[in-house]
Amino acid sequence: LPNLEERQRFIQYLRDLNIYSVFHYVPLHSSPAGLKYCRTNGEMVVTDAISDRLLRLPMYFGMTNKDVERVVSTISAFYRIS
């Protein structure tokens with residue numbers, strides 16, 4: 001998504017419609033192991049900015065075509081009203 005604020009609005013919009021998306025990517029340099037073992041040269045501005053924009057949409061083995069169509073149409077509706 002374009003930015004963290006829109007990602008948060010999008011997650012809430014989906015949640016309100018019982019579609020659950022999650023954010024779970026933590027850049028290595030920000031993770032507990034990364035903080036302990038990682039060496040960076042300067043700030044990781046691009047990595048941090050991109051991690052704020054990532055989102056995992058629902059996807060699972062038992063997902064039906066109807067489920068997929070619902071998720072896609074809900075995403076489309078979000079961008080029509082935003």
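**Conventions.** I worked on a predicted model, in which local features need pLDDT of at least 70, side-chain atom pairs count only at pLDDT 80 or more, and totals for chains, interfaces and linings use all residues. Residues are numbered from 1 along each chain as its sequence is written, and side-chain values use heavy atoms, with hydrogens and water left out.

**Entry: aromatic pairs.** I searched for ring pairs, taking rings of Phe, Tyr and Trp (its six-membered ring) with centres within 6.5 Å; planes under 30 degrees apart count as stacked, over 60 as edge-to-face and the rest as tilted. By this rule I find four aromatic pairs. Phe10 and Phe78 pair edge-to-face, because their centres are 4.9 Å apart and their planes stand at 65°. Phe10 belongs to helix α1 and Phe78 to helix α4, so this pair ties together parts that are 68 residues apart in sequence. I took helices as DSSP runs (H or I, at least four residues), numbered from the N terminus. Phe10 and Phe78 are both buried, where buried means under 20% relative accessible area, exposed over 50%, and partly exposed in between (1.4 Å probe, protein chains only). Tyr13 also pairs with Phe78, in a tilted arrangement with 5.2 Å centre to centre and 55° between the planes. Ring pairs link Phe10, Tyr13, Phe78 and Tyr79 into a cluster.

**Entry: Thr74.** I looked up Thr74 in helix α4 (residues 65-81). Thr74 counts as buried because its relative accessibility is 9%. Apart from neighbours within four places in sequence, I find Thr74 in contact (heavy atoms within 4.5 Å) with Tyr13, Leu14, Leu17 and Ile19.

**Entry: charges.** I searched the whole structure for salt bridges, defined as a side-chain nitrogen of Lys or Arg within 4 Å of a carboxyl oxygen of Asp or Glu, and found one. It joins the side chains of Arg9 and Glu6, at 3.7 Å from N to O. Arg9 and Glu6 are three residues apart in helix α1, so about one helical turn separates them. Arg9 is partly exposed at 47% relative accessible area, whereas Glu6 is buried at 11%.

**Entry: surface patch.** I noted a nonpolar surface patch of Phe23, Tyr25, Val46, Ile50 and Leu54, together with about 430 Å² of accessible area. Such a patch takes residues with over 30% relative accessible area and no salt bridge, nonpolar side chains (Val, Leu, Ile, Met, Phe, Trp, Tyr) being joined within 5 Å; areas come from the Shrake-Rupley method with a 1.4 Å probe. Tyr25 is in the loop between α1 (4-16) and α2 (32-37).

How values were computed: Helix = DSSP H or I, 4+ residues; strand = E, 2+ residues; numbered from the N terminus. Patch = residues over 30% accessible without salt bridge, like charges linked within 9 Å, V, L, I, M, F, W, Y side chains within 5 Å.
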